[in-house]
Amino acid sequence: MLLHAPSSPYLSLLSTKSRPKAGLLSPENCLLSSDIYYSIPPKRLENSIWASSKRSVFSSATPKAASVEAGASAVTTGVAESDVLKALSQIIDPDFGTDIVSCGFVKDLDINVSSGEFEQKANEVVAMLPWVKNVNVTMSAQPARPIFSDQLPVGLQKISSIVAVSSCKGGVGKSTVAVNLAYSLAGMGARVGIFDADVYGPSLPTMVSPENRLLEMNPEKGTIIPTEYLGVKLVSFGFAGQGRAIMRGPMVSGVINQLLTTAEWGELDYLVVDMPPGTGDIQLTLCQVVPLTAAVIVTTPQKLAFIDVAKGVRMFSKLKVPCVAVVENMCHFDADGKRYYPFGRGSGSQVVEQFGIPHLFDLPIRPTLSASGDSGMPEVVANPQGEVAKTFQNLGICVVQQCAKIRQQVSTAVRYDKSINAIRVKVPDSDEEFLLHPATVRRNDRSAQSVDEWTGEQKLQYTDVPEDIEPEDIRPMGNYAVSITWPDGFSQIAPYDQLQMMERLVDCPQPTPAQA
């Protein structure tokens, strides 16, 4: 019995009646094994994040086995698999509030909780099986994979998560947050890139110090080769040898699109996008060209900053990009044993309360934070043990956890249940799951192939879709829709909003044990 899920860290369970000798695999000494994969969050490094000897939680690791030694009673492969999955279903993930089997961790899904907690619980629940005499669990990690890579431009197909850092107002420290967040993630072991999307005033060339300060072209592929600094890949218009752009909006959108999608990013765990201020064409183009996984909002304590930030949050909401954290910059400073708030208090918490963003991080006024940005060395690199670096490490952990949660929700939002011939739908950030008949979904297609664009006349007739139609494939499209492939080769784009409006199945037969 061997269950493989491509994204690990994983728990491998070896079940045997007794340790078989080399070359002896008799029914009495059968070897039963199952691999169960799930990802774990970064642990804060106690030593310098740039010189730590600890194994990175993001790096690929050699598989290690956890053995389960069976007792005297013989156990078949099917029974062992059922027993182990049932035992592991007792482990409840604290973030999702459900068991790790129901979450789908045996199906290429990711989760972010303490690996030590999972090891302990896995040992406990599997050891309770009557045929198990001994259990030994070891965890290891591998990076997550993109969940809809084939729908992206070639340059972005190997990027697991794309995180936008936005403020919608200039001068609040957005670029400082973006760069330090990126290097915090890199310090945890992730493969990271930074895209500076501000063509009018690129900040990245000032904030980092790569040896090669010019982007290079690959003449054979016609692609852009990013420059690097301390292992982080960098692309900015400021590295294009053109300085700051003087051009109209449509041209800027084209430049940003070219820089972002034709760059050879390679395999990245996170691409941090430093968004330009505002909510205009450039921002909308970025959000539509790139399937943003999540957004981090940067603000300052002033009321004026909150007004502009609120516009940005609403823009991301309309584009179905979840905002996972708020960073309130320049909050306070300490002097004479007291803490002072020169710009007032409450803007960040107001964003959190009004828009339901789950996490708030405060950054103090520190001359070193500003100086490090001007010197070309991010603060988390210059002083990895400082208070500011710890805040950014906590922000990095939050981003990792929230991205994993979003990926899990998106990857399982819409799936076909063949046992009951129904499409199960659970929209991200919703507790409700409902069922749709496949024929109903196919008949509600609103594309030009099914509905005349000029007259609105229905081209796809009711009888054109057989009642027993089944989808061949369902894949996520960003955070807002799925692509459903039907037997006739048609690929239907079904937004979550549209699926929620369709007629639902109420009296749906549950699968029998034989079907399940």
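Leaving aside its neighbours within four places in sequence, with which residues is Ala439 in contact? Contact here means heavy atoms within 4.5 Å, and by that rule Ala439 touches Val465, Pro466, Glu467 and Ile469. Before going further, note that this is a predicted model, in which local features need pLDDT of at least 70 and side-chain atom pairs count only at pLDDT 80 or more, while totals for chains, interfaces and linings use all residues. Residues are numbered from 1 along each chain as its sequence is written, and side-chain values use heavy atoms, with hydrogens and water left out.

Ala439 lies in helix 12 (residues 438-443), where helices (H or I, at least four residues) and strands (E, at least two) are DSSP runs numbered from the N terminus. Ala439 counts as buried, at 0% relative accessibility; buried means under 20% relative accessible area, exposed over 50%, and partly exposed in between, using a 1.4 Å probe and protein chains only. Although Ala439 and Val465 are 26 residues apart in sequence, their C-alpha atoms are 6.4 Å apart in space.

Helix 11 can be followed from end to end. The 25 residues of this helix, 387-411, should span 36 Å at 1.5 Å a residue, and the C-alpha atoms at its ends are 36 Å apart, which agrees; the expected span is 1.5 Å times one less than the number of residues. Helix 11 is largely enclosed by the rest of the structure, because 19 of its 25 residues are buried.

The axis of helix 11 comes within 9 Å of the axis of helix 3 (residues 174-187), and the two cross at roughly 75°. Axes are lines fitted to C-alpha atoms, for helices over the stretch in contact, and angles run from 0 to 180 degrees between N-to-C directions. The two helices are therefore roughly perpendicular to each other, a label for angles of 65 to 115 degrees. Helix 3 contributes Thr176, Val177, Asn180, Leu181, Ser184 and Leu185 to the contact, and helix 11 contributes Phe392, Gln393, Leu395, Gly396, Val399 and Val400.

We turn now to the loops. Thr300, in the loop between strand 13 (294-299) and helix 7 (303-318), is buried, with a relative accessible area of 4%. Leaving aside neighbours within four places in sequence, Thr300 is in contact with several residues, among them Val172, Ser347 and Met330. Met330 itself is placed in the loop between strand 14 (323-328) and strand 15 (333-335), and is partly exposed, with a relative accessible area of 26%.

Most residues other than glycine have a negative phi. Met330, however, has a positive phi near 55°, and Asn421, also not a glycine, has a positive phi of about 50°. Asn421 is found in the loop between strand 18 (414-417) and strand 19 (422-425), where it is partly exposed, with a relative accessible area of 23%.

Finally, Thr262 lies in the loop between helix 5 (249-261) and strand 12 (268-274), and is partly exposed, with a relative accessible area of 25%. The C-alpha atoms of Thr262 and Gly155 are separated by 5.4 Å, although these residues are 107 residues apart along the chain.

Conventions
Parallel < 35°, antiparallel > 145°, perpendicular 65-115°, else oblique.
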